[in-house]
Amino acid sequence: MTHVVDVVVIGGGQAGLAAGYHLRRLGLDFVVLDAQAAPGGAWRHTWDSLHLFSPAAYSSLPGRLMPPQPGETYPDASHVVSYLTDYEQRYELPVVRPVRVEAVHGDGEFLRVEADAGTWRARAVVSATGTWWRPFVPAVPGRTEFRGRQLHTVEYGRPADLAGERVIVVGGGNSGAQIAADLAYDTDLTWVTLREPRYLADDIDGRALFDHATARRRALDEGRTDSGGVASLGDIVAVPPVREARDAGRLKAQPMFARLTATGVEWVDGNRADADTIVWCTGFRPALSHLAPLGLRGPRGHVPTAGTRAVGEPRLHLLGYGDWTGPASATLIGVGRPAREAAREIARFLHG
């Protein structure tokens with residue numbers, strides 16, 4: 001069956017819902033296609049102890065404040081899932097699931113969205129598939145030789161799963177620090193980072209990071225000096241569990257090893273460490289394989305954009321993949337503004 005709509009939004013996580021909110025306010029005919037079986041996007045699949053970097057009131061999508069979670073300053077992932085579920089229902093967003101989009105093709109005046117549940121022809125498409133579904137593991141020598149278990153952030157669940165093991169956590173960002181802190185008490189932990197961990201000041205959380213990212217974008221738009229973005233402040237938000245493990249002396253990072261061996265890792269100086277499990281907290285790449293038929297991919301796997309609009313295809317907008325699609329657009333609070341601008345630009349395009 002082929003459906004015809006003004007706009008197809010691909011992805012029903014936070015970015016897709018923010019886009020849907022603004023498209024509905026503008027009166028456009030749209031559908032949100034979500035590959036997941038239930039609301040919540042990637043938040044349904046995170047590790048058990050994950051918490052937001054910001055209080056609930058500073059972690060909200062447009063139009064609806066996230067309520068506080070009783071007993072928690074920083075809400076956990078299950079609270080975010082409940083909030084996104086309520087948000088979707090409150091605004092009666094037309095989400096169809098589970099629908100896995102396989103490809104987007106040019107089709108005359110339309111873009112043709114092919115999925116396992118049918119075909120949609122749309123005058124505009126918003127791709128909001130995020131990055132969680134495309135984990136990245138670096139090509140470290142010896143990866144295929146290691147006889148233990150290798151997990152990525154997306155596969156890690158809870159400390160009890162690795163209790164008593166020799167575990168090496170690789171990665172100096174927020175995920176690496178949080179998972180290392182999670183494992184610091186129940187495993188024989190080695191934390192490995194590419195450079196010395198850079199903690200943000202203890203009183204800085206997601207509110208300050210969003211403000212900084214927004215100010216940087218404003219400065220760039222006005223032709224002023226680049227402040228360096230959020231990365232200039234540090235790599236790790238010192239959320240309470242990270243701060244506690246750090247202050248207890250349990251988060252002492254080792255430099256990046258040179259290779260994996262059959263039983264662990266080896267550094268350039270010949271020192272070795274045995275491991276039962278290696279957890280790769282090494283980030284993600286944008287999940288954009290469905291856009292391959294359009295031939296738009298540029299450097300680092302990104303699609304060149306002007307704001308959220310694809311430079312090579314004005315009917316396509318990309319939302320929520322990172323700063324290249326809007327300041328802090330991969331965060332709950334940050335995705336609202338680029339979602340609004342994308343919806344407005346789509347409305348102008350469709351109206352002539």
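Biologist: Where does Arg143 lie?

Modeller: This is a predicted model. In it, Arg143 lies in the loop between β6 (118–127) and β7 (149–152).

Biologist: What makes Arg143 count as partly exposed?

Modeller: Its relative accessibility is 32%. Buried means under 20% and exposed over 50%. Arg143 is in between, so partly exposed is the label. Beyond its neighbours within four places in sequence, its contacts include Leu260 and Trp280.

Biologist: Which residues of α1 and α6 make the contact?

Modeller: Ala18, Ala19, His22 and Leu23 come from α1; Gly336, Ala339, Arg340 and Ala343 come from α6. They divide into five nonpolar, two polar and one charged.

Biologist: What makes the aromatic pair of Tyr21 and Tyr87 tilted?

Modeller: The angle between the planes is 45°. Stacked needs under 30 degrees, edge-to-face over 60, and the rest count as tilted. The centres are 6.2 Å apart, and the pairing limit is 6.5 Å. The pair links helix α1 to helix α2, 66 residues apart.

Biologist: How do you know whether Tyr21 and Tyr87 are buried or exposed?

Modeller: Tyr21 has 11% relative accessibility, and Tyr87 has 0%. The cut-off for buried is under 20%, so both are buried.

Conventions
Residues numbered from 1 in each chain as written. Predicted model: local features only at pLDDT ≥ 70, side-chain atom pairs only at ≥ 80, totals over all residues. Heavy atoms only, no water. Helix = DSSP H or I, 4+ residues; strand = E, 2+ residues; numbered from the N terminus. Buried < 20%, exposed > 50% of the residue type's maximum accessible area, 1.4 Å probe, protein only. Contact = heavy atoms within 4.5 Å. Nonpolar A, V, L, I, M, F, W, Y, C, P; charged D, E, K, R; others polar. Phe/Tyr/Trp six-rings, centres within 6.5 Å; stacked < 30°, edge-to-face > 60°.
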